[in-house]
Structure formats: C-alpha cells, structure tokens
Amino acid sequence: MRGIVRVSSRIAHRLLASLPALVGVLVFTFLLMRVLPGDPAVFFASSPTAGPEEIQQIRVSMGLDRSIPEQLVLYLRDVLTGNLGRSMSTGQPVATDLAQRLPASLELTLAALVLALACAIPLGVMAALRPGSAVDHGVRLLCSIGVCAPTFVCGLVLIYVFYVVLGIAPDPTGRIGAFDAPPPDITGLLLVDYALVGDFESWLSAVSQLILPAVTMALFVLAPLARMTRASMLIALGSDFIRTARSVGLPPFKVIVGYGLRNALLPIITITGVVFSTMLGANVLVEKVFAWPGVGSYALDALVSSDYAPVQGFVLLMAMIFVVVNLTIDTLYGFADPRVSLR
Amino acid sequence: MSEHLISVTDLHVGFSTRRGAVKAVRGISFELVPGATLGVVGESGSGKSVTAYAITRLLDRAGEITSGQVSYFGRNLGSLTEAEMRRLRGSAISMIFQNPRAALNPIRCVGQQIADALNAHGRLTRAEQRERTLQLLRDVMLTDVERIFRSYPHELSGGMCQRIMIALAIACEPKLLIADEATTGLDVTTQKVVMDLLSSLVAERGMGLILITHDLGLAARYCGEIAVMREGQIVEKGAVDTIFGHPRHEYTKRLIAASPTADSTIEDLVPEGEAERFAAPAPMKVSGAPLLLEVRNLSKNFSGFAAVSDVSFTLAAGESLGLVGESGSGKSTISRIVTRLLDKTAGEISFKGESIGEVPATRFNSHRARRDIQIVFQDPHESLNPRYTAFDSIAHPLRTLEKSLPREELNRRVRECADRVGFPAELLTRFPHQLSGGQKARIGIARAIATRPSLLVLDEPTAALDVSVQAIVLRLLDNLRKEGGLAFLFVSHDLNVVRMLCDRVVVLQAGKVVEAGRAADVFMKPTSEYTRTLLQAVPSFSFRARAKVESPVEI
C-alpha cells in the first residue's frame, strides 16, 4: 500500500514537473505558426477572387484582427477549457479529429514497434555474441539498408513487390479492407475492436492492411534498436558477473538471456521510448504512402493550408504523448533495475 | 585415476592482439593433491590470472591454450567439449574473483544467484533450493540470511559480497577452488575475516585451493606451497618456509625485499643498484619547524550521515603525518577537505596561520594557497587525462596557477619536476597509455610538486601499483620530502607503508580519531583495541608474525 502511494506520488510529481514544458510547447508553436508566411484568411476565402472585404470578414471571425498577445491569451484560455479550436479544412473541432485519427497512428506505430523489437533484439544479441563474424556483418548491412533507404522508398518497393507483382497484399489504401464494415468504435484500435466483437475475417483483413506499413516503419527503426542492443549486450557480456555465471557452470541460455540481456535492457528501453515517440509523429510519409488515416498526415495537410488550430493541437498532443512515454520508460527502468528506485 | 587433483603440464597460453601474438603463459607445470593449498604470486602481467582462466577454460575469445595439458584427476580438460566443461565448472572447479560487487549480477537478488548455480548442477525443488541456499549463506558466516537472500549486491558491503561469492563458488561442492586476488581491495580486517573463512571452509571440505595474489604476506599466511611467477613462467616453487626463508631465485629475493613488512625501512625495499640513483640526502630536522597545518574539530556530514566528526590534528613544515583506517573511516574525506576539494560542515582549518576552511571549495582555485597544497591521487592510471602528454600533465598546474610563465621557463620547470621524480625527459611527449604504471605514478607526483607546494596530500598513492614499483615510488617520495622540505599528509590503509613513511599517525574509525601519536609508538605499543586489530590483520611473511597466527583459525 505504501509502495503504491509512493509510486503514484512520484508519477504525479513527474506530471506536474512536465507542465512548464507543455506550456512552453504551446506558446512556441503558437508563435511559430504566426511567424510562418501565409494568411489563412486568404486560403479559406470562398473563391480566389474574393475581395478584401470578404477576407477581412473571415479574419475577424477567426480572431486574426486582434494583436498577437491577445490572440495568445485567448488561445491559452481555450486550451485550458479543452477547446483546441476548429479545423478550417474538415470543419470539425480539432479535438474530435485527433481523437478519431490517433488510434490509427497508435495501432500502426505499436505494431511496427513490436515487429521491430522482435527482430532487432535477437539480431543484436546474435551480433554481440560473435562480434566481427558473418552474422555481425549481415546485421550491420541490414541496419544500414533500413536507415539509408527513405521510408517512402521502402514503402513503395514493398507495395510494388507484394501488391503489384506478387498480388498477395491488399490495396494500400487505409486501414479497413474494401469489403469490410468498420467495427463498433470501442477502443479505436481496429485489431482490438474486431477481436472484441468476434469478427475474425475482418480482423485478418485488417492485419493484412497493417502489415506493409508496419514493416516499412519497422525497417526504419530496426537500425537504432539493433545497434543499441548489440552495444549494450557487448558491455553486459564483458562484465565480471557474466564471467562468474560461466565459472559456476550456468547453461549458455541462462548466461546470455537471464544474466546478459536482462542487464543490457536499460539502454534498449531508453532507445525504444525515443523511437516510439519519433515513429508516432514523424513518420508522416508512411501514412501518406499507404493512405493511412493517422494524425501525422492530418497535421501535414493542416500545415500546408496554414490551418493553425490542427497544427497547434497536434504539437500539443505529441508533447503530451512524449511526457507519458517518458514516464512509462522511467517506470520500466524501476522494473528492469532494482538500483534505479534508489536514485 | 590420478591422485593429483589438478596437474598442469607445460602449459602455454597465447593471446592474439592487434600487435600480433602475445605469449602470456610460457610453459608452466605444477600439480596439486586434494586438500593442498598453492599460492601463486607475482606482479601484474606475470600470467597468474591467465593460468587460472586457462585451467577453467574461461579465457577471453582472444586467448588460446597453444600447447600443454591440464588434467583434473587424470582427465584431460582440453579434450572435453564445451558442454562437458560447463558441467565441471562449479561442481568440480570453482573460482572466486576480485571486486566481489562487480562479480555478482547487479539486478538479481543474491540468493537467487546461488540458487541458479545449484540449479545448473542438479535437480532440486524450489523449497530444497531455497533451504540449501540459506544453509550456504549460514556456512559463510552470514547472519539474517532470509534478508540477505532477498538483497541485491549494491545493498551489501564488499566483504559480504565476497562471502556470497564464496557461497556461490562452493555451492556445488567443487574439489578445487581458485581464488583470483579474492581480497584485493578489501580492508585488512575484512580481508582477514574472508580469508580465514575461506581457508577453514577449504580445510573442512578437503578442497584444494589455488590462491592467486600479488600480496606475498597473504600467500605466506594461507598457503602451504608457493609458486612465484614472472613473465609467464614459474621462476621458483616450493614450500612456503623455503620460499620465504631461503629464496633462491633473484626475482623472488627482489619481491620479498620490496614487500613492506612490520620491521622494514624504506631503504630495505629497493635493491642496491637502483638505490644509488637516489643519493640519500641528510634527513631534515623536523623538531622546532613552524606549524604548517592545523585542523581543529573538523566535521563533515553527508546528508545527515557523519563521515567525519570532531577530528583535530596538526602538521609541521616538512613533517609527514599518516591517516590510517578502514574504508568508511573518513580518511579520504579529510584529505579532500584539507585539499579544499570538498567543503567542511564544521571546524577550522588553518594553513600557515591563515584560515582556509571558510573559502568555498569551488572558489579555492583562485586562492593563493592552492599552489601550496597539492594532491597525488590514488590511481595513477585513472587520474591522468588520456589526451594529455606527460609534459602537458605536468605543465597543467603551472599553466593554470602561474599563468604568465614564459615558454622557456615553463619548459625548464616541467623538465626539472620530471627530473626530480626520475621521469626520463625523452618520454615527456608520450601519452599515458604508452607509459608503465610506475611512470604514470611519477607523472602524478611531478604534477603535484610542479607548483612547489609546501603540503602534499597523498591519497593511497601506491595502492594500485606492484610491490616493486611501490618500493621505488615510496623511496622517491621519502627523498622528495627530505630534500624539498615538503610536508606530507599520507592517507593509506597499508599500515606498513605508513609506518615507514610517516613520523606521526592518526588512526581513524568511523570518522573519529581513535589514536594518535608517533608512528613508532602507535605501531609498537598500540593503546587502542582497534589499532591492535588493524595491526594483527596485516598479513605478513616475516616469521615472527607468522608464528602468532599458526593457531587454529577462529572466526
């Protein structure tokens, strides 16, 4: 009981401590959007020939006629009350848009992350066990390819091979198969929702929609994960306690996984957190290539059309996710290493 | 079946390095009957650890047994597969390592680690494993075993970790135990407890013991036979009394001479030929010298924990004062406070009549007394900037503390310092990794005397060095003091070294002064129980000391 209180008070403390950063992000994005060239009023005027009066009218309706500090105060007040503004392009409140699109990005990112970890950790461990061997060089080559090839190139190649040539992948258009009905909106994660209602045919088709974009994303982050695994495994395997474990005759699997990998986990967890945050927000290209209805492509569209509110809402969302991810990582440290909780 | 527990015949071990093959062990042979104890002594690089790893086939990837044979009860270990060898490790041959805390898995509770070892060599139920582990913990004289079972290595002291390491090593009842510098880095009193425990366990269970150590005293106290190794070969081997009583080989004689004992002097340590390089200057007259440093009622708290409480001592110009005590006694904290690298909690420090205790440690760099108080750090390998040449290292304090020194003057001063510590001028352009341990120690000293200080704080300056190098460095320090009129504040856990080098000593325990006085008095007629315990724990091969510990081991 006391442990729970301590952990939750630590979490609360950390969340409070992240508030200034969130406010900073809000103000910074707000100012950045105002500094970028482009006038949203012109963009959203009904026709290219709209007169100055009409544009001025739109400007007033958007609150753009006020001074920038005034706009900022109004904006902060809105955010505090949970109102992120309205998107000019979709006509919906930004909060609703994001809530609809975030699960798609989350599902894709999580799938890609699991896939990447499932490949990267064994590859990294194998490379660390025989540094300088053919396996090590093979892993290095694979990682280099993953990093060098831009994600959209990878994505397009995968589409070409599996959809165009082999014809085993479905149309690379969105999350739901062409002949499937969308599931009831329970969690927003398609795989979970289909499984919950027991529609396994649609579940399979959703998986097949997910595989190519997830592989594309996973390839991109394979390199940092595998390299970090290799490096921290090398350090762990070189330490004295591994020598001790071998000197008392522990079986090789126990030595490598139970003693080595368990000790090498800390840096891997760190890099996983960084990779996760990056994938969620920055892999716009994958969402574009596969017409994936995620938050990244939504924010990009808004940015191009100088639609302030969605961009600001997106950045705030990303900042909040970052805070949560970091908190999760820190909590995981506590499980991975008993010494951490002391600090 | 051979009657030899282990027999090593003409063993050669090579390492492939970037600079080509290195022969670490070059044709050594020895055997051990069950229950015998063999001490393998030698300085770093003599191949003694490599021999141990070759026996258990735990050499690095780069190392390889190039020829020769290791047999365990007549069974050639070289012909076994890796899986067969794994089954022998722990159940037939076990090892105990240096630095016990690092040798245990930091994120697994220690009881579980012992259970892992049991699990690797037999089928026990969980309850049996636990019962057996608790019994092993009791066997190594730990109390409160239930709590220790659940503890992680970082929650236990070094001595406790080493006992757990011993429990781990004997868990599957091996016939041979190899202890590789098992007590190096532990306090003398802890070392005594651990070694007494180890030797009684070995005797009880009829195990053979190979004790690898650089400490001749330790080997003499706990082993029946001694093998002296040098450059991958055994130069001399025999019963302990023969080796220490009548050493035949020149190297054995040198090693024995260089090891500080209860009655040696600094002049004894260095062989005749090398001693001439330091023409002994006339000793300085110390009595009546002005007071240099006065520490009154010094205290230091670290977040509520009193590391130093109410310590007072004085130091006259040209005098040498030793601070001795176990780890945690506060001796290093005091040395850091006096050097003004750390701020005190309470008390006064006056240097040459001026109070320096009030100057914050972060500002002391610009204080004029900075030049006058310099420090020589413990580890000569770690305390040099790897990107600085020897010249830069020595010139660094001059550049920062005497800023306007012209170039020629700087060169002259650096060369002069190098010369005073006997560091060859032609090596000044080298980087630390291109120098030997003794040469690095000399740079550390040259750097400290570069600004011509009047007080030198020496924080275990020879703890990381081999005995023969230590002997030369001690000799050098002693000469520097006598010719330069330097005062020393010498921090060490090695009582013999302190006795030789210091006029007076302060014995510390848990941050408090237990005893203080002239070195000869404190060491010959200690008045406190604690000092007596410390003195008795020092292993020694001088035979008077040996006679005292022949009595059955009590723990």
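Author: Two strands pair if DSSP finds at least two bridges between them. Strands (E, at least two residues) and helices (H or I, at least four) are DSSP runs, numbered from the N terminus. This is a predicted model, where local features need pLDDT of at least 70, side-chain atom pairs count only at pLDDT 80 or more, and totals for chains, interfaces and linings use all residues. Residues are numbered from 1 along each chain as its sequence is written, chains are lettered from A and ligands numbered from 1 in the order in which they are written, and side-chain values use heavy atoms, with hydrogens and water left out.

Reader: In which sense do strand 6 and strand 7 of chain B pair?

Author: Parallel: strand 6 and strand 7 (residues 176-180) of chain B share four bridges. B:Ile96 sits opposite B:Ala179 of strand 7 there.

Reader: Are the two sides of strand 6 of chain B covered or open?

Author: In a regular strand the side chains alternate between the two faces of the sheet. Here, B:Ile93 and B:Met95 lie on one side, B:Ser94 and B:Ile96 on the other, and all are buried (under 20% relative accessible area, 1.4 Å probe, protein chains only).

Reader: And how many salt bridges link chain B and chain A?

Author: A salt bridge is a side-chain nitrogen of Lys or Arg within 4 Å of a carboxyl oxygen of Asp or Glu. The count is one: A:Lys254 with B:Asp116, closest N and O atoms 3.6 Å apart.

Reader: Which element of chain B gives the most to the side that touches chain A?

Author: That's helix 4 of chain B, with four residues.

Definitions and conventions:
Buried < 20%, exposed > 50% of the residue type's maximum accessible area, 1.4 Å probe, protein only.
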